[in-house]
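Below are some notes for a colleague who is opening this structure for the first time. Please read them beside the sequence and the 3D view.

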Amino acid sequence: AAPRPVATARGDAMSRAVDGIAKAYESGSKIIGLPTGLKDIDSKMGGLSPGDLIIIGGRPGMGKSALLSCILLNTARKGYRSMVSSLEMSAEQLAERMISDTIFDFPCQNIPYSNLRTGTFHENMFEYVTDAARMNAELPIRIEEQPGLTMSQIATRARRMKRSPEGLDLLASDHLDLIKPSGRYQ
């Protein structure tokens, strides 16, 4: 018997999958998604692909928010636009993490995040804090400052940003379990 034709939906999916694999092959092992800037993660995942849901899990204090901050900074430095909704930390706390991360990249400098929070660093290091803050302020990262956003509010803001001239490449939420479901997503 002759093979039956593959249903259109599956055929389209297979065709798109082959196109994606061909693109990866033609890239010569280069990142084809959004680069996280973290070599090991990018080599395993090929970057962050559009439409992917990536969940970072771990116990408290393991560095999940720090990892998110690092990925946001690295993608923004490559010109990708992101929006982050942080339901655990304030916008200022997230900005402090980004400042600490940026200072870490400065030659021979390092102010741990905990030292920024407590103010325990030498006075002459404050110039590095202001330089890092100025550099980060120019990056295409939008921090949603309103606490307690619902799933539909985050989705609405993301769609609005995606349709805007600036666009949206990466949507991140810090603490998925703190997002309140709306009636539609209950």
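1. E144 is a buried residue because its relative accessibility is 6%, where buried means under 20% relative accessible area, exposed over 50% and partly exposed in between, with a 1.4 Å probe and protein chains only. The model is a predicted one, in which local features need pLDDT of at least 70, side-chain atom pairs count only at pLDDT 80 or more, and totals for chains, interfaces and linings use all residues. Residues are numbered from 1 along each chain as its sequence is written, and side-chain values use heavy atoms, with hydrogens and water left out.

2. E144 belongs to strand β2, residues 141-144. Helices (H or I, at least four residues) and strands (E, at least two) are DSSP runs, numbered from the N terminus. The side chain of E144 makes a polar contact of 2.8 Å with that of R142; such a contact is a pair of N or O atoms within 3.5 Å, and within protein one must be able to donate a hydrogen and the other to accept it, while residues adjacent in sequence count only if both atoms are side-chain atoms.

3. Which residues does E144 contact beyond its neighbours within four places in sequence? They are M83, V84, S85, S86, L149 and R157, contact being heavy atoms within 4.5 Å.

4. The largest nonpolar core has 15 residues, and L72, V84, M98, I141 and L170 touch the most other members. A nonpolar core is a set of buried Ala, Val, Leu, Ile, Met, Phe, Trp, Tyr and Cys residues joined through side-chain atoms within 4.5 Å. Two or more of its residues come from each of α3 (64-77), α4 (91-105) and β3 (170-174), and α3 gives the most, with five. Not counting residues up to four places away in sequence, L72 touches S82, V84, M98, I141, L170 and A172.

5. The largest pocket is lined by 37 residues, with L53, I54, L171, A172 and S173 nearest its centre. A pocket is an open set of points on a 1 Å grid over the protein atoms alone, where a 1.4 Å probe fits, with protein on both sides within 12 Å along at least five of seven lines; lining residues have an atom within 4 Å of a point. α7 supplies the largest share of this lining, six residues.

6. The second largest pocket is lined by P60, G61, M62, G63, K64, S65, A66, E88, R97 and H175. Here α3 gives the most, with three residues.
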